[in-house]
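Q: Could you take me through a few features of the structure shown here? I would like to cover a pocket and then a helix.
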Amino acid sequence: MGIDLSEALIEQAKKLYSKSNVLHFDVADIVQSELAGEFDIVACMGLFTCLTRRADFERTISHIMAILQPGGYLVLKDSLMLDGKDETYVHDNSYEAIYRSEADYLQAFTQFGLQVVQRHPLHRGGPTGKVSVLYLLHRPVIQPYLFLPKKATVSRMAILYQLPESWSNVRSVWLAAKARVDVEVVVVLLPFFHQQKEWRRSAVEQQLQKEGIEYISWDEFDVADAAFDIVLYTTPEDSSRPVPFQFPGLKSQVKVTAYIPYGLEVGGGAQNLEVLYRQPVVAGADAVFVRSSGVKKIFNTYSPTADQQVVVTGHPRMDGLIHLSEFDVDPQLVADIAGRTAVLWNAHFSFDEDLWSTFDLFAADILIMLLQRPDLVLIFRPHPLLWKRLIDLGIFNSLEVDELKHELRSLGIIVDERPDHRHAFAASCALMTDAGSFLLEYLVTEKPVLYLCNPKGMELNEQGQAVVNYYCTANTAADIATFIDNLLAATDPGRSARLDAIPDFFSHFDGHSGERIVQYLVNRLQQQTSRSTV
């Protein structure tokens with residue numbers, strides 16, 4: 001439902017969404033009238049800047065709280081005075097507004113129990129120095145989760161979990177922690193805020209429940225009451241998670257913080273280096289667990305704290321690939337392949353920015369090539385952000401993306417969206433990929449790999465450049481055709497050298513990285529505790 005004081009704007013909205021059966025628009029004054037109904041999301045764009053009377057400001061907040069359900073979100077955008085500046089009142093013949101101080105503005109909402117989840121200053125404007133700020137506030141559930149008292153001999157470890165496809169990064173850590181009597185492991189479900197990713201809580205919860213993983217949601221407890229000893233981060237960017245779980249604040253509340261890289265890093269470029277090596281959690285954690293000494297050297301080059309916090313344990317993501325030939329592949333995927341040679345295709349999402357993606361260069365050639373060969377079947381597993389990028393660029397809307405997936409499947413192409421990528425790894429006979437984690441990870445399958453090169457794209461980092469020396473490279477569609485011909489002819493001249501290179505990229509590839517990480521964290525906690533008691 002959308003409301004506004006302006007009849008003209010409401011009529012415009014009704015015309016714009018005339019075909020919608022779910023959107024309704026009405027002329028209403030939220031200041032003077034209470035609204036009927038219950039809502040999970042309420043959005044107010046510039047509303048409170050225009051409410052210059054304090055009584056109107058507070059009454060409107062009360063009206064919103066009456067309709068916002070526990071667990072719901074409030075989206076706000078208003079112009080404020082930041083950096084401790086006093087509120088400013090402005091008016092002329094056509095405009096009246098008040099730019100409140102940020103502290104006063106937020107206190108009016110937080111006194112109702114709302115929590116600030118995200119804060120994004122957008123732009124500064126005018127002689128007053130006002131700043132337009134976008135907020136996401138959350139109303140906690142009524143009955144919070146209560147942690148049992150912690151035993152003195154047990155360490156309480158939190159795994160901050162945001163994305164279904166990243167569970168493979170921590171699965172073996174979780175299993176190792178659960179197997180110990182001196183560790184209590186808690187999986188904390190956090191939202192993932194990213195402009196290119198549509199995060200759905202229901203999808204993440206469904207995946208956790210399917211795997212039998214007990215968890216609690218971030219909005220069900222106060223992190224100050226959780227008494228976590230160890231917190232393990234699984235994504236690098238603080239902007240992707242709620243404020244209470246962002247690194248600077250949480251680090252001050254726990255004894256040990258750690259980070260497991262969310263991907264196997266192969267990309268270069270200044271923007272990528274900033275994300276991978278210079279985020280607060282990456283540079284400030286007590287431990288960052290990596291797959292090889294080669295990665296440790298990269299940290300030494302690009303991280304502001306060098307490699308002092310980097311520990312070579314092997315990446316726990318790789319523990320699940322140690323016995324890939326024995327992996328229980330989804331029977332539906334086996335049926336879809338139907339005995340044919342399956343080629344896995346992994347496309348990066350950045351096809352509009354000349355980064356690493358070749359989706360716009362080779363997609364048509366790959367689809368035509370594979371469809372013309374009945375003895376082959378294509379498993380299409382793109383980067384998780386690809387579909388959202390197509391929507392953001394206006395190429396498709398969400399309905400059209402679903403129709404595209406359906407059309408691809410109707411052509412016999414397997415569109416793989418399983419949270420666990422091991423099904424596609426185990427079932428495929430070869431990989432064609434842009435730069436990304438799969439470029440390194442697939443190496444241990446011992447199967448052929450074709451690196452799809454974007455000649456105008458961003459460079460690979462040192463590890464990426466090293467691993468592609470053991471692969472075939474495609475700069476043209478003809479190179480892709482040659483790779484497929486060799487695959488069908490069982491010609492793989494680089495196999496021996498490729499297998500010999502595995503230890504160079506994956507130290508401790510033995511299935512026990514998760515155990516090593518947990519042991520390190522327990523030891524580190526004991527050391528921290530000993531220092532604090534001396």
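Predicted model: local features only at pLDDT ≥ 70, side-chain atom pairs only at ≥ 80, totals over all residues.

Q: How much space is in the second largest pocket, and how many residues line it?
A: The space amounts to about 830 Å³. The lining consists of 24 residues, and those nearest the centre are Gly 2, Ile 3, Asp 4, Ala 43 and Cys 44.

Q: What is the make-up of the lining by class?
A: There are 21 nonpolar residues, along with one polar and two charged residues.

Q: Turning to helix 17, how far does it reach from its first C-alpha to its last?
A: Helix 17 (residues 477-488) has twelve residues and spans 17 Å, close to the 16 Å expected at 1.5 Å a residue.

Q: Which residues of helix 17 are buried?
A: They are Ile 480, Ala 481, Phe 483, Ile 484 and Leu 487. These residues cover an arc of only 160° around the axis, so they lie on the same side of helix 17.

Q: What do the buried residues of helix 17 pack against?
A: Their partners are helix 11 (359-371) and several strands: strand 16 (341-346), strand 17 (376-380), strand 19 (430-433), strand 20 (449-452) and strand 21 (472-474).

Q: And which residue just after helix 17 takes a positive phi?
A: That is Ala 490, with a phi of about 55°.

How values were computed: Residues numbered from 1 in each chain as written. Heavy atoms only, no water. 1 Å grid on protein atoms, 1.4 Å probe; cavity = no way out; pocket = protein on both sides within 12 Å on 5 of 7 lines; lining within 4 Å. Points joined across faces, edges and corners; volume = space filled by probe spheres on them. Nonpolar A, V, L, I, M, F, W, Y, C, P; charged D, E, K, R; others polar. Helix = DSSP H or I, 4+ residues; strand = E, 2+ residues; numbered from the N terminus. Expected span 1.5 Å × (residues − 1). Buried < 20%, exposed > 50% of the residue type's maximum accessible area, 1.4 Å probe, protein only. Arc of directions from axis to C-beta. Contact = heavy atoms within 4.5 Å.
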